[in-house]
Amino acid sequence: MKKFALVTSSLIIAAATAAAADGSAASYTADAAQSRLEFFGVQAGAEFKGVFHKFTSSVDFAPDALAGSKIDVQIDMNSVDSMDKDRDTTIRGKDVFDVAHNPTAHYATKTITKTAAGFAAVGALTLHGVTKDVPIEFQFTPAGGGAKLSGSAKLNRLEFGVGQGDWKSTDTVGDAVKINFSLVLKPKS
Amino acid sequence: MPNQSPPTRYSAVAQAFHWIIAALIVTQFTLGWTAEFLPLGARKLARLDWHKSFGMTILTLAVLRLLWRLFNRPPELPAGMTAIEKKLARAAHVLFYVLLFVMPLTGWMMSSAKNYSVSWFHQFTWPNLIGPNEQAFNLLRTTHDTLSWLLFALALLHILAALKHHFWNKDDVLKRMLPFTKTEKRS
């Protein structure tokens with residue numbers, strides 16, 4: 001009995017020490033009203049910007065506990081807004097996002113590493129029913145009890161089958177898409 | 001230069017401006033109105049992409065042409081024309097200049113209002129003149145379309161007038177704008 005108590009307490013101490021040395025990731029959710037998710041495409045040689053109005057984010061993050069950190073974003077593809085109704089209808093349609101069959105996109109990081117400028121992550125993006133790894137770069141700035149997480153990514157839309165039929169050609173709509181995000185994080189209650 | 005007598009022919013520069021812009025306007029009318037009837041899709045966008053690049057080319061040429069015109073006198077209208085005929089001819093030419101600016105500018109504003117920025121042959125992007133605005137787009141589109149028919153009517157009048165001068169009045173009004181022709185010295 002005595003021996004058991006000893007083992008248990010040493011385990012507890014060991015675990016506590018490990019946590020202290022490694023830090024532990026704090027859990028956040030993004031404030032929907034203040035967070036932004038934007039994308040930039042090239043159409044007819046000129047850049048255009050679109051945003052997703054609806055997305056939910058769940059972030060576990062601590063700069064000194066990257067192994068236990070994770071960014072997870074779920075995007076409502078119907079909430080796309082490129083500031084033109086005609087273009088939005090086309091984007092939601094079956095040849096582009098096909099929101100009827102793929103109403104959501106999902107991004108979840110697998111690994112996060114420290115870089116000179118901030119952090120880099122590789123995560124799995126499921127878009128248009130296709131899952132592929134997409135790297136992102138971001139900065140994490142603690143603010144009050146929460147934090148701001150902002151960064152960017154690049155992807156090629158055709159790798160996800162975004163653009164069928166006429167839209168497969170990159171003459172009119174470019175393959176490369178830039179993504180900017182800015183998440184205003186609040187501690188998870 | 002100020003004391004020189006007016007030239008009898010349009011200079012090579014004036015002719016180049018006239019014929020290059022004329023050819024571009026024919027191209028624009030064709031591209032614009034054939035695109036109008038295409039369904040929304042890649043083909044329509046590609047056609048309007050050319051339309052916008054040519055349109056911005058016309059706007060640039062119009063600026064250069066107007067500047068050039070301010071410092072270079074055109075040949076005078078034939079002495080045989082009545083005062084009212086001369087006034088009407090000048091009014092038609094002023095209207096051409098106005099449309100040379102208004103057509104590309106309304107087109108450029110249309111693109112801005114629709115948040116489809118204008119590229120110049122994919123080399124660079126012109127800044128947006130106004131923010132995304134559906135109402136403004138619809139109004140600008142109606143203006144652009146309507147003025148294209150005014151320009152069409154004016155061009156038709158212009159061509160008929162040139163032919164009338166050449167075949168009916170038998171003066172040099174047409175020939176002095178044609179390259180590779182000679183105009184006789186006017187007495």
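Select helix H1 of chain B, residues 12–36: its 25 residues reach 36 Å from the first C-alpha to the last, close to the 36 Å expected at 1.5 Å a residue. The expected span is 1.5 Å times one less than the number of residues. Helices here are DSSP runs of H or I with at least four residues, strands are runs of E with at least two, and both are numbered from the N terminus. The model is predicted; local features need pLDDT of at least 70 and side-chain atom pairs count only at pLDDT 80 or more, while totals for chains, interfaces and linings use all residues. Residues are numbered from 1 along each chain as its sequence is written, with chains lettered from A and ligands numbered from 1 in the order in which they are written.

Stay on H1(B) and show Phe17(B), Ile25(B), Gln28(B) and Gly32(B), which are buried. A residue is buried if 20 or more other C-beta atoms lie within 10 Å of its own, exposed if 12 or fewer, and partly exposed in between, with C-beta atoms placed from the backbone. The cover over these residues of H1(B) includes H2 and helix H4 (134–169) of chain B.

Next, select H2(B), residues 42–71, and H3(B), residues 83–113: their axes come within 9 Å and cross at roughly 140°. Axes are lines fitted to C-alpha atoms, for helices over the stretch in contact, and angles run from 0 to 180 degrees between N-to-C directions. On the H2(B) side, the residues that meet H3(B) include Gly55(B), Leu59(B) and Ala62(B), and on the H3(B) side they include Leu100(B), Pro104(B) and Gly107(B). Contact requires C-beta atoms, placed from the backbone, within 7 Å. This H2(B)–H3(B) contact divides into 10 nonpolar, 3 polar and 1 charged residues. Ala, Val, Leu, Ile, Met, Phe, Trp, Tyr, Cys and Pro count as nonpolar, Asp, Glu, Lys and Arg as charged, and the others, Gly among them, as polar.

Zoom out to the whole of chain B. The C-alpha trace spans about 60 × 35 × 30 Å along its principal axes, and the elements run α-α-α-β-β-α from the N terminus. Buried residues make up 22% of the 187 residues in chain B.

Now go to chain A, which has 2 helices and 11 strands. Of its 189 residues, 29% are buried.

For the largest nonpolar core, of 51 residues, select Val59(A), Ile75(A), Phe97(A), Phe140(A), Leu149(A), Leu183(A) and Leu185(A), which touch the most other members. A nonpolar core is a set of buried Ala, Val, Leu, Ile, Met, Phe, Trp, Tyr and Cys residues joined through C-beta atoms within 7 Å. Leaving aside neighbours within four places in sequence, Leu183(A) is in contact with Ala30(A), Ser35(A), Ser57(A), Val59(A) and Leu149(A). A second, separate core of 5 residues includes Ile58(B), Ala62(B), Leu100(B) and Met103(B).

Move to Val162(A), in the loop between strand E10 (146–156) and strand E11 (176–187) of chain A. Val162(A) counts as buried because 25 C-beta neighbours lie inside 10 Å. Neighbours within four places aside, its contacts are Val96(A), Phe97(A), Leu127(A), His128(A) and Arg157(A).

Finally, show both chains: their contact takes 16 residues from chain A and 17 residues from chain B. On the side of chain A that touches chain B, strand E3 (46–52) and helix H2 (85–92) of chain A are the elements giving two or more residues. E3(A) gives the most, with 3 residues. That side of chain A divides into 5 nonpolar, 6 polar and 5 charged residues.

Terms used
Two residues are in contact if their C-beta atoms, placed from the backbone, lie within 7 Å.
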